[in-house]
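Q: I would like to go through this structure with you. Could we begin with the overall layout and then turn to the contacts?

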Amino acid sequence: MKKQLLAASVMALATMMTAQNPIVNTWYTTDPAPMVHDGTMYIYTGHDEDHADFFWMQEWRVYSSRDMVNWRDHGSPLAIEDFSWGDDRAWAPQCIGRNGKFYFYVPLHSKLSGTMAIGVAVGPSPVGPFKDAIGKPLADGSWDYIDPTVFIDDDGQAWLYWGNPRLYYAKLNEDMVSFVDGVHQMDMTGLDGYTEGPWIQKRNGIYYMMYASHGIPENISYATGPSPVGPWSYQGVIMPKNEQASFTNHSGLAHYKGHDYFFYHTGWADGGGGFARSVAIKEFEYNADGTIPEMHADHEGVEPVAAFCPYARVQAEVMAASKGLKTQPCGHNNVYVSDAHNGDWIKLRNVDFGHDKASRLTIRAASALRGGRFELHADSVRGQLIAAVPVGHTGGWESFKELSTSEINTPEGVHDVYVVFRGRKGPELFTLDWWELSPKHRVVEDGGTGMYKAVMTEVEGFEAHTVFMPQDLSRFSAENPLPVMVWGNGACRNSPWEHYLFLNEIASHGYLVIATGFYPGEGDHPEGPMSSAQQQIESIDWAIAQNLNPQSPLYQKVNTQAICAAGMSCGGLQTLYNCADPRITTYMICNSGLFKNPAIAMPNMPMPKKDKLEDVHGPIIYILGGETDIAYENGMDDFSRITNVPAYAINYPVGHGGTYAQPHGGEFSIPAVAWLDWQLKGDKTAAKMFTGKKPQILKRKGWTFESNSKK
Ligand code: FUB
């Protein structure tokens with residue numbers, strides 16, 4: 001018997017570790033209503049209380065995901081207390097956005113009528129904070145009034161539907177919180193077996209009314225029609241009854257990142273059942289004629305539609321699965337993980353470490369008792385240990401402390417990840433707010449072809465900059481310091497992902513290269529707002545500060561008298577915008593030049609006039625992509641105007657994109673390194689690339705060369 005029990009619990013654990021359904025294991029979640037907003041899938045749910053014997057539900061909850069498998073718990077931004085006129089039964093909700101606000105429609109028991117009513121809350125974001133929008137019910141006075149569903153038709157008319165066992169509807173005014181012409185009863189013809197839980201959607205001009213049917217126990221069925229009010233034609237059962245261990249079922253539909261999903265609820269979480277339900281998801285494809293196929297509840301759930309990045313702060317309440325844990329609110333939209341005992345865990349799926357490494361793991365944890373040990377494992381609860389952090393007594397379950405370790409064993413590529421709580425058997429160990437692997441660094445390619453293998457790194461506290469430098473800084477000193485290049489990106493991107501091979505190559509020749517913009521994770525192209533010219537100035541400030549800071553690994557290793565300001569395309573304009581900075585020694589303008597006709601510039605590009613060139617106070621080189629380079633005319637025009645300093649223009653016929661993305665930055669890296677070696681290190685051999693009767697650049701295939709210097 002003992003053996004059987006053990007086998008059963010091992011099986012249950014194995015299912016928990018592999019199953020994606022139900023999607024939340026910390027609390028019971030019911031009546032899912034999906035909403036896609038701004039690239040994120042949100043699910044609004046009810047919440048069955050633990051150990052309940054009826055739908056004694058007190059609050060609504062919100063979860064979100066960008067990959068469909070790792071779900072963030074946003075806690076409960078709306079509860080019965082938010083409605084002064086309500087006192088019980090926080091049943092099936094739905095939320096929708098309009099004009100920058102979010103309208104959260106809910107059924108609850110009304111103190112005013114003693115029956116059920118429909119309320120509406122409003123908030124500034126999908127996760128609230130929400131407040132009762134009108135201080136009274138939208139519709140009150142009937143036990144039928146449950147389960148609102150809402151949609152906005154293509155003509156801008158919003159519709160609200162609800163009801164059990166009859167279906168009601170109302171047209172919403174543009175304000176979303178009042179009705180155009182009162183409440184109407186739907187003609188139920190074609191809505192065969194209608195019970196409750198309506199879900200309305202429009203697809204390819206067809207209106208779909210999906211609902212729980214023939215209950216209880218309930219199927220999910222649907223009908224279609226040519227208008228928001230029918231007439232409806234019954235289409236059949238989508239999910240048959242008795243398959244998900246809960247006598248109710250409640251469904252929603254959403255299209256996200258090219259996939260179609262069906263949301264429902266089950267009694268499958270630990271201790272689950274008819275009053276302890278949990279949300280599940282199934283992916284499906286519409287049939288060619290627009291009908292919905294029959295589906296069956298399953299434990300497998302859905303596959304990820306995006307990779308999860310482990311290098312941004314990971315909220316502990318983001319989970320693909322968990323064992324033994326709960327979540328707790330702590331202020332608006334802040335949630336932490338609680339109830340952790342020895343062996344409990346959180347799983348994250350499809351976590352992409354790429355080839356980046358982290359230097360530190362920081363966690364935010366608290367304990368009112370003796371704490372325990374935070375462990376991060378790859379692949380399984382006992383898989384490769386990535387890092388571990390001991391947590392001691394902090395004075396309370398919400399007395400959070402940041403704790404860290406620098407012993408990190410970062411795996412490569414894509415893995416599932418487990419946060420495992422370890423400690424004494426029996427007591428609660430510690431609460432966890434978040435964990436973070438930082439800062440990132442990566443050896444790009446083979447570290448570069450120069451004498452000093454380089455590394456690309458993110459620097460803590462130096463927001464929106466990426467640093468490339470030799471890995472072994474012991475080879476540099478006050479006698480042999482690193483010259484500096486500060487770089488602005490093409491299109492004023494706020495990440496050097498287009499140029500990192502080129503920049504890394506330069507660093508491998510013994511340079512400290514500081515690029516404007518966020519560290520580019522592998523395959524990751526951070527976009528965000530455009531960068532500014534000021535970020536290049538911050539790069540110079542940072543290099544100088546490092547040289548003066550005894551705590552910095554670059555202390556007394558930076559040649560602050562040898563600084564090249566450089567940039568590609570828009571980054572070249574940023575460089576020329578900054579050209580008067582007296583700390584700049586030399587300039588490298590790549591695929592760029594001041595606009596002869598500023599009217600055709602991109603918005604927010606710096607657009608100095610041509611007289612700005614008078615502020616250039618050191619040797620300057622234009623590295624252009626030949627006549628097909630969109631910047632060719634502007635760059636060559638700049639070059640022809642510069643007379644007060646040595647100026648060079650070299651062209652390689654590849655167009656505006658240059659060769660930056662080729663291995664080691666391609667052909668452009670050759671003159672770039674030679675220029676820096678000449679200008680910042682005084683290397684006479686390197687100078688030959690640009691000087692003499694036949695500059696060596698002309699011995700390389702494809703290049704043209706011009707100079708204003710007689711030498
Ligand atoms: O969750 C309470 C009720 O159960 C809902 O309002 C119905 O749709 C059913 O799921």
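Q: Which domains does the domain assignment of the chain give?
A: The model is a predicted one. The assignment gives domain 1 (23–284), domain 2 (314–439) and domain 3 (444–710).

Q: How far apart do the C-alpha centres of domain 1 and domain 2 lie?
A: Their C-alpha centres are 33 Å apart.

Q: And how many residues of each are in contact?
A: In domain 1, 16 residues are in contact with 17 residues of domain 2.

Q: What area is buried between domain 1 and domain 2?
A: About 1400 Å² is buried between these two domains, and carbon and sulfur atoms give 46% of that area.

Q: Which three residues supply more of the area that domain 1 buries than any other three?
A: They are Thr 26, Asn 70 and Arg 72, which supply 38% of the area that domain 1 buries against domain 2.

Q: What gives the largest share of the side of domain 1 that touches domain 2?
A: Strand E4 (residues 71–73) does, with 3 residues.

Q: What is the make-up of that side by class?
A: The side of domain 1 that touches domain 2 has 6 nonpolar, 6 polar and 4 charged residues.

Definitions and conventions. Residues are numbered from 1 along each chain as its sequence is written. This is a predicted model: local features need pLDDT of at least 70, side-chain atom pairs count only at pLDDT 80 or more; totals for chains, interfaces and linings use all residues. Side-chain values use heavy atoms; hydrogens and water are left out. Domain bounds come from an automatic or database domain assignment. Contact means heavy atoms within 4.5 Å. Buried area is the accessible area (1.4 Å probe) that two parts lose on being put together, summed over both. Helices (H or I, at least four residues) and strands (E, at least two) are DSSP runs, numbered from the N terminus. Ala, Val, Leu, Ile, Met, Phe, Trp, Tyr, Cys and Pro count as nonpolar, Asp, Glu, Lys and Arg as charged, and the others, Gly among them, as polar.
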